[in-house]
Amino acid sequence: MLKRGAALLTAFMAVGAMFAADAQAAPTPKPRHSAVAHLTTLSTRHVDSVTCTVGQVREDRTSSCASGGLRVDFYIEPEHQYQGSANFAWTSSVQLNNRNRHKWTDHVTLTLESTTVAAAELGIATLTETCGSCTSTGGTPQITTLGTTRNWDLVIDSPGSVTTTDAQAPHLNYEAAPYTPVSVDLGPKLNVRCDNTPRMSPVADGGCVHPDYTPTYGISVTGPYDQVAWHILWAQRNLTHHWGWQGHGPELTRTMNRSLIRANRRTACPSSIPRPSGKSCDEYPFASTHQGASVNPDFSCHMVPAAQNRLEGGARKAWYNANRLLENDKFWVSVTNVPASAAGSVMRPLVQCP
């Protein structure tokens, strides 16, 4: 009897151990839900006037607009079973402030155009700005519903006073529960340069530009300094290197070095050259460039009305400031409103430098 009881006890203990092991075994893992974002590829264009064009990033000196598509694919893991997709259209319209580095804007839109996953119709989208040292406000979370365009006005501050260049783009965080959130920059990053450079108004708040865009200084032969414009036109067409004439010669590069500017002026327009009454000496390339006469023998000078020369110099300085052209920044020069009769040949003015 004792042997039989011991055997039964051993059997009961074995069965109990089996139940205990089952109880401690890990439960079958619940499936996980994942999401993956895919952006359409955009081409980048530098333009004189920015408009929003689907499939492109268009940029000038102080504004840009990107417009594209975003597809979010949903899966169940670990099998990676595809559940469906949500398709979005988005835009990002940046307006930099050339007179305040602490307050520029990015207006972002997001539209859920179609989906095969019900959860996407109640997804939550939050916007921030990717741009290194900057901070942004205004990216409040919003629910994405089918066919509705959501709008954000991000206000961006580039703190500090030193010159900084940040690659910026709007950044989307999107979650359609129970799927994992997706986090993605909308479109390629564009460089934004902010500065508080002395002699670049206003010094207190500085300003920002897209430095990769090369601006064009326009001057008209029918404007208030037409004789200066005619001189530039002659110089661009007759100097060996066609300075600043887009498609024909290299860009000009600005200098803010006062010693170099004075040397350029003295070389192009020495005091030994007589000034006719009411005239002053005008040089091209401009003295305020690294292509000026003291470092470049391929230059031109003419005598033009002194009042026009002063007006044009003031207008160009204001244009430098508006475009925040710093040392070594490139720019083009375009002479406009040239009559067809002058298209082939431009004569030198009657009064010219020797």
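Reply: Happy to. One term before we start: a pocket here is an open set of grid points with protein on both sides within 12 Å along at least five of seven lines. Also keep in mind that this is a predicted model.

Me: Fine. What volume does the largest pocket have?

Reply: About 510 Å³.

Me: And which residues lie nearest its centre?

Reply: Ile261, Arg265, Ser288, Gly313 and Arg316 do, out of 21 residues that line the largest pocket.

Me: How does the lining of the largest pocket split by class?

Reply: There are 11 charged residues in it, along with six nonpolar and four polar ones.

Me: Where is the largest cavity, in terms of its lining?

Reply: Nearest its centre you'll find Ala66, Ser92, Gln168, Pro188 and Leu190, which belong to a lining of 13 residues. The strands β4 (63-77), β5 (81-95) and β11 (164-175) each supply at least two residues of that lining. By class, the lining of the largest cavity has nine nonpolar and four polar residues, and no charged ones.

Me: Which residues line the second largest cavity?

Reply: Trp104, Cys131, Ser158, Thr164, Asp166, Val192 and Cys194. Both β11 and β13 (190-195) supply at least two residues there. Four residues of this lining are nonpolar, two are polar and one is charged.

Me: OK, on to packing. How many residues does the largest nonpolar core have?

Reply: It has 37, and the residues with the most contacts inside it are Leu70, Val72, Phe74, Phe88, Trp104, Leu172 and Tyr174. Several strands each supply at least two residues of this core, including β4, β5, β6 (104-115), β7 (123-130) and β10 (149-157). In soluble globular proteins, nonpolar side chains tend to be buried together.

Me: Take Leu172. What is it in contact with, leaving aside neighbours within four places in sequence?

Reply: Leu172 touches Leu70, Leu110, Ala125, Thr126, Leu127, Val182, Ser183, Val184 and Leu186. There is also a second, separate core of 22 residues, which includes Tyr225, Ile232, Val304 and Trp319.

Me: Last topic, the backbone. Which peptide bonds are cis?

Reply: The bond from Glu77 to Pro78 is cis, with omega near 10°, and Pro78 sits in the loop between β4 and β5. Another cis bond joins Ala177 and Pro178, with omega about 10°. Pro178 is in the loop between β11 and β12.

Me: And which residues other than glycine have a positive phi?

Reply: His242 has phi near 50° and lies in the loop between α2 (226-238) and β16 (252-253). Asn337, with phi of about 60°, is in the segment after β19 (330-336). Most residues other than glycine have a negative phi, and most peptide bonds are trans.

Me: Why is His242 classed as partly exposed rather than buried?

Reply: Because its relative accessible area is 22%, and buried means under 20%.

Terms used
Residues are numbered from 1 along each chain as its sequence is written. This is a predicted model: local features need pLDDT of at least 70, side-chain atom pairs count only at pLDDT 80 or more; totals for chains, interfaces and linings use all residues. Side-chain values use heavy atoms; hydrogens and water are left out. On a 1 Å grid over the protein atoms alone, a cavity is a set of points where a 1.4 Å probe fits but cannot get out, and a pocket is an open set with protein on both sides within 12 Å along at least five of seven lines; lining residues have an atom within 4 Å of a point. Grid points are joined across faces, edges and corners, and a volume is the space filled by probe spheres set on the points. Ala, Val, Leu, Ile, Met, Phe, Trp, Tyr, Cys and Pro count as nonpolar, Asp, Glu, Lys and Arg as charged, and the others, Gly among them, as polar. Helices (H or I, at least four residues) and strands (E, at least two) are DSSP runs, numbered from the N terminus. A nonpolar core is a set of buried Ala, Val, Leu, Ile, Met, Phe, Trp, Tyr and Cys residues joined through side-chain atoms within 4.5 Å. Buried means under 20% relative accessible area, exposed over 50%, partly exposed in between (1.4 Å probe, protein chains only). Contact means heavy atoms within 4.5 Å.
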